[in-house]
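Dear colleague,

I am passing on the structure below, and my notes on it follow. Please read them with the coordinates open.

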Amino acid sequence: MAADSCSWFPALAVGVSLLKCFFISAYRSTDFEVHRNWLAITHSLPVSRWYYENTSEWTLDYPPLFAWFELGLSQVARRFDANMLQVENLNYASPATVLFQRLSVIVTDVVFIYAARECCRCVREPKGSRDVLSRPSFVLAVLLLWNFGLLVVDHIHFQYNGFLFGFLLLSVAKHLQSQHLQGALLFAFLLNLKHIYLYVAPAYGVYLLRSYCFAQDNKDGSVRWSSFSPLRLLALGAIVTSVCALSFGPFIAMVRGREFFFCSGAAPSGSAPSVYRVIKNTHHDVEELPPASMTGGLVQEFEHSVLPSVTPAVTLVCTLLSILPAVASIWLRPHGAQGFLRCLLLCALGCFMFGWHVHEKAILIAILPLSILAVESREDAGIFLILTTTGHYSLFPLLFTPAELPIKVVLMLMFTIFSFTALRKLHSAQGSLLHPLEVIYLLGLVAVAIACEVVFPLSPWQQRLPFLPLLVTSVYCAMGVCYAFLRLYASLLLRREEKPKQL
Amino acid sequence: MQTWSLVSICVLLAIIARWGVSLNSYSGAGKPPMFGDYEAQRHWQEVTYNLPIQEWYFNTTNNDLNYWGLDYPPLTAYHSWICAYIAKTINPEWVELHKSRGYESTQHKLFMRMTVLVADLLIYIPAVVLYCLYLTDGSSKKKVSIMFCFLLYPGLILIDYGHFQYNGVSLGFALWGILALGLGWDVLGSMAFSLALNYKQMELYHALPFFCYLLGKCIKTGLIGRGLFLLVRIGVTVLATFALCWLPFLAEPSQAMQVVRRIFPVARGLFEDKVANTWCSLNTLIKIKSILSGDSQLYLSLACTLLAVLPSCIRLLTKPTFWHFKLALVSVFGIQHWAVFKPTGLKCNEICYACPFLVFVCSMLPLFLKDGLLVPYIVTSLGFLFFSIYLLSALDHCSEDKLRLGAYNKLFYCLFIPWGNHFLHFYISIAAMVGLSIATAVLIPPPHLPDLFPVLVSTTAFLHFLGTFIHFNVVQFSEPPSRKSQKKSN
């Protein structure tokens with residue numbers, strides 16, 4: 001990397017951190033109270049009570065390592081406002097509490113910033129001196145650090161995704177740099193922080209088994225069974241076991257039944273543009289539903305009255321079927337770390353589209369790693385633009401307050417303008433990024449946005465069908481996500497074979 | 001990347017910064033009975049919408065001038081009327097005569113903040129963009145960097161979107177005026193500046209440089225012939241603009257006089273609150289307010305102001321170039337703290353000049369603390385400081401030659417050293433600002449000196465203003481730099 005790369009990266013990081021500070025006073029979702037409650041639980045109660053405490057409706061439902069993380073945060077929280085650490089202080093939100101929680105998200109994003117730096121290091125720079133703004137590493141840094149979805153979900157809605165995605169991206173970067181044990185360790189940590197990353201565990205499992213445990217391939221790329229290295233397998237096993245032991249140690253008997261939503265079950269609440277949203281929409285046409293059933297926030301049971309209900313088992317089967325070809329592909333014909341990344345994306349998207357109780361925020365698990373591919377390949381850049389624009393737009397319903405409307409529109413515009421112009425400049429030599437039909441689809445998104453945000457609230461249907469804009473947004477975005485899913489599959493399965501790697 | 005996309009992204013970032021600040025509190029929030037500037041603006045909407053134009057500036061049963069009576073020129077009143085018209089269609093309670101006093105709600109705040117943003121988008125921001133793209137030197141990246149720093153200036157953002165005012169409108173018009181003069185469109189420029197004057201009387205501080213520059217230009221072109229023709233055209237434009245703005249008040253002389261009395265409240269005294277100017281600072285040593293009578297204070301202030309700006313204006317009359325015009329604009333601002341965020345980002349292309357701009361913001365910290373704007377103050381100031389240093393030092397070097405000290409260096413080094421060793425003093429200034437900010441925000445002053453920190457802040461800021469004032473006067477009297485792209489507008 002050129003000598004002055006050291007200067008623009010910190011500037012981007014500082015800039016986005018200051019930008020995040022502007023949202024300290026913005027709208028906060030119930031997730032704010034969720035995390036305050038977890039701070040209180042981990043600080044005030046003994047470890048044995050953490051997963052049983054239910055004074056608040058927002059019970060602890062992340063893996064134990066996250067609970068330890070909250071415990072660590074609570075030590076700092078004490079100095080801001082000790083009252084937030086009382087479990088009984090439900091919905092406590094003093095200015096000091098808000099400031100602390102917001103700052104904690106901004107500060108823990110340093111993990112994400114470091115991970116973005118590592119990812120930028122993995123990107124190939126084309127030869128010849130280039131204007132900083134046109135370098136792939138610069139474009140990737142902006143796409144990651146200034147990602148619209150992360151800004152909106154973490155710093156307005158309120159979550160710690162930046163911190164968590166830091167681990168994911170760092171793990172991916174390590175794999176791209178062929179440091180597989182470190183990558184595995186980081187992923188093990190990540191799984192113990194938030195179990196949603198199980199979505200991409202199949203990609204990790206199959207890749208590490210196939211490409212790391214089997215040290216060599218045959219000339220035609222198929223697996224050489226004789227090159228199996230038990231030592232490597234043991235090393236991986238040891239890493240996973242020790243991380244889980246660290247995290248679950250005190251909890252072995254306690255966590256059962258709380259972690260996975262399959263039991264508590266519900267229809268996919270929220271507006272995630274999944275396959276089931278398409279089914280639901282059809283259902284809604286047949287029968288009008290009581291208003292507060294879908295996006296109530298709290299998990300509820302829901303049954304379709306006309307179409308067959310979707311059960312957890314069905315979603316599991318659909319999900320596994322959707323990711324099977326990808327996983328099989330990297331087993332049979334591995335394409336190195338790049339192939340692993342593609343498989344990871346497909347697992348993420350497959351689970352997003354067919355999974356049970358999927359939040360719209362889960363689209364970020366696909367968008368962020370795809371940025372790495374987008375700056376290197378024209379085809380991936382095209383897929384990225386579609387997925388990112390529809391995925392980010394599908395996050396709009398998360399911020400429904402009028403005061404945040406200018407923020408989400410302006411941030412979205414900023415990110416969209418940058419991603420389109422920068423990627424187009426990067427791949428300008430290889431032709432246009434988007435097919436005309438794709439452009440028309442994306443322009444249609446603008447029409448949907450105007451209709452949902454401006455026209456609909458002023459129209460007479462606002463009372464009768466309050467969830468119509470939500471559904472229209474989800475269905476329209478679902479089409480884009482499905483399309484990106486299929487194109488990514490095509491790029492993985494139809495890719496020309498690379499030379500079998502020696503690891 | 002293409003310039004248009006960079007410009008769009010910078011403008012969008014500027015909008016985010018503004019809207020982010022506007023999510024915070026405003027002046028007088030929840031503080032009856034008088035509230036603050038926010039309530040003043042809302043009250044003007046109430047008055048202009050409900051009362052006939054002849055009563056706007058008069059004390060009547062329906063219009064109590066003691067409760068935020070209108071004290072800006074007519075253009076502000078018309079702007080308030082337009083906002084009130086829209087407010088009425090959304091929620092009539094917001095501007096109901098008498099009953100809406102002290103009205104506060106989330107929706108109303110959203111509406112008021114939106115009016116500021118719309119005004120900025122229509123007037124101020126386009127002026128900044130065009131000014132930076134057409135009238136600054138350097139590569140397109142440098143122009144965009146200057147524009148970005150310009151738009152990020154904390155003073156304007158915090159006052160307009162935090163405290164609550166519409167300075168963007170008057171500054172925007174003034175900037176359109178400067179832009180037009182820079183492009184050689186003198187008549188349009190004078191019209192734009194007249195509009196600025198008719199929006200906020202504080203623009204009078206910049207009226208002298210405008211006047212001297214245009215007059216000097218006419219004289220230089222030849223008072224017999226083209227120069228005279230230009231002078232007449234400018235004069236007619238200015239008079240026509242004023243006439244149009246004041247039309248409803250020209251029917252009776254008493255109307256116009258009352259408006260003048262309202263917008264120039266000379267009865268208020270030499271200075272108000274803790275302002276970073278000569279008089280407030282001097283008052284710490286000599287209690288001027290108690291020595292001189294009200295009238296004497298007024299004449300003293302007028303005389304000193306004129307004397308202070310005289311050298312600069314005379315220079316401008318004799319050498320009416322755009323370069324000298326810009327310098328004169330900067331020189332005259334050290335008089336009242338509001339006018340300081342004049343877009344003298346004219347000189348923003350030298351990072352050292354970021355320092356006085358930040359000092360001005362720091363001088364307003366006591367006000368921001370009162371309004372609950374500490375966090376936005378810190379964030380915007382850090383952002384401005386960081387990006388001015390990062391972007392502009394990467395693209396330009398602050399050389400002594402550019403600072404135009406040269407021969408004057410030795411003479412002035414001993415007297416006041418602001419720019420002698422500029423980087424050291426830049427950092428000392430920043431350190432002083434940070435120290436004073438922390439002290440003002442965190443420490444409790446001793447009981448016998450309750451205003452210790454605001455006065456310290458004002459005095460420090462004043463010293464910086466004085467240094468800047470002298471510096472720019474020095475620069476103005478030296479030769480302009482011989483740059484190839486120097487624009488000559490005559």
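Which side chains of chain A and chain B meet in a salt bridge? They are those of Lys141(B) and Asp131(A), at 2.9 Å from N to O, where a salt bridge is a side-chain nitrogen of Lys or Arg within 4 Å of a carboxyl oxygen of Asp or Glu. Across the interface of the two chains the rule finds one such bridge.

Before the rest, a word on conventions. This is a predicted model, in which local features need pLDDT of at least 70 and side-chain atom pairs count only at pLDDT 80 or more, while totals for chains, interfaces and linings use all residues. Residues are numbered from 1 along each chain as its sequence is written, chains are lettered from A and ligands numbered from 1 in the order in which they are written, and side-chain values use heavy atoms, with hydrogens and water left out.

On the interface, 32 residues of chain A are in contact (heavy atoms within 4.5 Å) with 28 residues of chain B. The two chains bury about 2,500 Å² between them, 83% of it on carbon and sulfur atoms; buried area is the accessible area, with a 1.4 Å probe, that two parts lose on being put together, summed over both. Five residue pairs, both residues at pLDDT 80 or more, are found in polar contact across the interface, meaning a pair of N or O atoms within 3.5 Å, one able to donate a hydrogen and the other to accept it, and residues adjacent in sequence count only if both atoms are side-chain atoms. On the side of chain A that touches chain B, the elements giving two or more residues are helix 1 (5-21) and helix 18 (405-426) of chain A, and helix 18 gives the most, with 11 residues. Helices here are DSSP runs of H or I with at least four residues, and strands are runs of E with at least two, numbered from the N terminus.

In chain B, an unreviewed UniProt entry lists residues 1-22 as "signal peptide", an annotation that may be inferred rather than shown by experiment. Over residues 1-22 of chain B the chain is 91% helix and 0% strand, with the end C-alpha atoms 31 Å apart. A cis peptide bond, with omega about 0 degrees, joins Pro32(B) and Pro33(B), and Pro33(B) is found in the loop between helix 1 (3-22) and helix 2 of chain B.

Best regards
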